[in-house]
Amino acid sequence: MARLIVVSNRVALPEDQAGRAGGLAVALREALVSFGGIWFGWSGKVAAQTSDRPRFIEEGPVTYAVLDLGRKDHAQYYNGFANRTLWPLFHYRMGLAEFTRQDYEGYMRVNTVFAEQLQPLLTDDDLIWVHDYHLIPLGGELRRLGARQRMGIFLHTPFPAMEVLLALTHHRRLVGSLCAYDVVGFQTENDRRSFFDYVLHEAGGWIGENGHVTVWGRSLVARVYPIGIEKGAFAEAAQRAQRTVAYRRLRASLNGRKLMIGVERLDYSKGLPERFEAFSRLLEKHPEHRAKVSFMQVAPISRSEVPEYRRLREELESLSGQINGQFGDYDWVPIRYLTRNFARSVLAGFYRQGAVGVVTPMRDGMNLVAKEYVASQNPQDPGVLVLSRFAGAARELTTALQVNPFDREDMADAMDRALGMALDERKERWVEMMRMVDENSLEAWREKYLADLNAAPFNG
Ligand SMILES: O=P(O)(O)OC[C@H]1O[C@H](O[C@H]2O[C@H](CO)[C@@H](O)[C@H](O)[C@H]2O)[C@H](O)[C@@H](O)[C@@H]1O
Ligand SMILES: O=c1ccn([C@@H]2O[C@H](COP(=O)(O)OP(=O)(O)O)[C@@H](O)[C@H]2O)c(=O)[nH]1
């Protein structure tokens, strides 16, 4: 049987798996255990120099092979080109995208080093599954070194419209390396359509049936695999959470008020200032909600070495202070803004208490929080999901209250509607969302992708 080689920027090492690992890490590890294989990537450590060989950690049939990144590589590849150029561009924030030649060179250099250190570990019938925008050039680099294995990539972020991508100096090289893979996976049909547009109108390629693409002398398939959450896990976690101290303390602190909850990394793609302003608008426009609802925003700090992320943090501190000052009372704080990270087992209990879940990114590949919120609800008394139409999840969760995050008024109205929604309508909307969450589970995503990768022809 073929071995599986997973390559991702972050690797969930065995010591992280006990309870801290996210659902995606658990699902990938399960696949690795059943195929046997290697998980290759960054160790998460920054050192003086990038490692000249991987550090190996063996656990049963799985080998973890990780590299430390040197300070310069970390700055140029991760904080630079990946998170200051590609991330904003892929999330349609052209104004925030910074491009420097040095960052681009650092990005390419790290991809080359990854390829050079991975290539000797490969055997002929391995299946190679690369994840995300950090490592797009890796496939092309491996091919350059002679790798003929079946190789796929899954893009967790959006793939931008062609006109946006053209703003990147090296767009041709980047898309060219995407086409070195045999299977290119996207979160939504929208993302795939943008890729097809580029193939047709910029690269002069062909799109055949069932996602077959012929371009630059290569054939590949481009398909949609919406990522999901582990089947049943959040429903169980939310039930269990009800017996915990955190659950009870949150409940007691609400003192009978409704909870509106948001959970995301502190990232400008998530639309946090816009959401805070919409909440402020809600309190202004509908004073009946004052002192009747508490909005809790969990926003663990992310990518804090990138200046745009630091500025966002300052903006949110100021906005939450201003809104609490304007509307708060001696016994009610409108916004609870928390920048610490919570375990998913705790979050499940928080989601369950949320009468309203607000997930309003300006743009998001999928947004798993939306699905986790739905799965954590009490079927007898479910909450309402207010969801941005620009989250990948909006394609599946069509019975959420969908909003335009660029329109504060629209969001404030949806919050008002969600807070007042009758039980029958809440149930009806939730049943349909839950059906989608179950159907497009994390397990289904993994199996569908691996089946396509397995079916790809060997390039020998
Ligand atoms: O590794 P970090 O820089 O700390 O960032 C965390 C991850 O953020 C992004 O997540 C994306 O993947 C999710 C699962 O497919 C999807 O729901 C979400 O919409 C995406 O934003 C990033 O793409 C990952 O590589 C990062 O590890
Ligand atoms: O304090 C927190 C905040 C978030 N998350 C998890 O982080 C993931 C965020 O994934 P999503 O797809 O929503 O966005 P991303 O951060 O990947 O862009 C979800 O599984 C959350 O449960 C967490 O474990 N603790």
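# A quick tour of the helices and sheets

Let's start with a helix pair: helix H1 (residues 23-35) and helix H16 (residues 442-455) have axes that come within 10 Å and cross at roughly 45°. This is a predicted model, in which local features need pLDDT of at least 70, side-chain atom pairs count only at pLDDT 80 or more, and totals for chains, interfaces and linings use all residues. Residues are numbered from 1 along each chain as its sequence is written, while chains are lettered from A and ligands numbered from 1 in the order in which they are written. Helices (H or I, at least four residues) and strands (E, at least two) are DSSP runs, numbered from the N terminus. Axes here are lines fitted to C-alpha atoms, for helices over the stretch in contact, and angles run from 0 to 180 degrees between N-to-C directions.

**H1 with H16**

- H1 and H16 are therefore oblique to each other; angles under 35 degrees count as roughly parallel, over 145 as roughly antiparallel, 65 to 115 as roughly perpendicular and the rest as oblique.
- On the H1 side, the contact uses Gly23, Ala27 and Ala31, which meet Leu442, Glu443, Arg446 and Leu450 of H16. Two residues are in contact if their C-beta atoms, placed from the backbone, lie within 7 Å.
- Sorted by class, the contact of H1 with H16 has four nonpolar, one polar and two charged residues. Ala, Val, Leu, Ile, Met, Phe, Trp, Tyr, Cys and Pro count as nonpolar, Asp, Glu, Lys and Arg as charged, and the others, Gly among them, as polar.

**The ten-stranded sheet**

- Ten strands make an open sheet with mixed pairing, in the order E3-E4-E2-E1-E5-E6-E7-E10-E9-E8. Two strands pair if DSSP finds at least two bridges between them.
- Strand E3 (55-59) and strand E8 (206-207) are at the edges with a single partner strand each, so one side of each has no neighbour in the sheet.
- H1 packs on this sheet too, touching E1, E2 and E4, and its direction makes about 155° with that of E1.
- Strand E1 (residues 4-10) and strand E2 (residues 37-47) run parallel and are joined by six bridges; Ser8 has Gly41 in E2 as its bridge partner.
- E2 also pairs with strand E4 (residues 62-70), in the parallel sense and over eight bridges. Here Trp39 is partnered by Tyr64 in E4.
- Over at E8, the pairing with strand E9 (residues 212-215) is antiparallel and has two bridges, with Thr214 in E9 as the bridge partner of Trp206.
- Helix H2 (residues 71-90) lies across E2 and E4, at about 95° to E4.

**The six-stranded sheet**

- Another open sheet has six strands in the order E13-E12-E11-E14-E15-E16, and its pairing is parallel.
- Its edge strands are strand E13 (335-338) and strand E16 (401-403), each of which pairs on one side only.
- On average, neighbouring strands of this sheet are turned by 20° against each other, direction ignored.
- Strand E11 (residues 258-263) runs parallel to strand E14 (residues 354-359), with three bridges between them. Leu259 has Gly354 in E14 as its bridge partner.

**Two further helix pairs**

- Helix H8 (residues 233-241) packs against H12 at an angle of about 80°, with axes 8 Å apart. That makes H8 roughly perpendicular to H12.
- H8 contributes Phe234, Ala237, Ala238 and Ala241 to this contact, and the H12 residues include Arg344, Tyr351 and Arg352. By class, the contact of H8 with H12 divides into seven nonpolar, two polar and two charged residues.
- Helix H10 (residues 272-285) and helix H14 (residues 408-419) have axes that come within 8 Å and cross at roughly 60°, in a right-handed crossing.
- The contact of H10 with H14 counts six nonpolar, no polar and eight charged residues.

**Around ligand 2**

- Ligand 2 is surrounded by 14 residues, and the closest are Arg265, Asn341, Phe342, Leu368 and Val369. A residue is near a molecule or strand if its C-beta atom, placed from the backbone, lies within 6 Å of it.
- Helix H12 (344-353) and helix H13 (368-375) each supply at least two residues of this shell, and H13 gives the largest share, three residues.
- The shell around ligand 2 has eight nonpolar, three polar and three charged residues.

Technical notes. Left-handed = near helix turned anticlockwise from the far one by under 90°.
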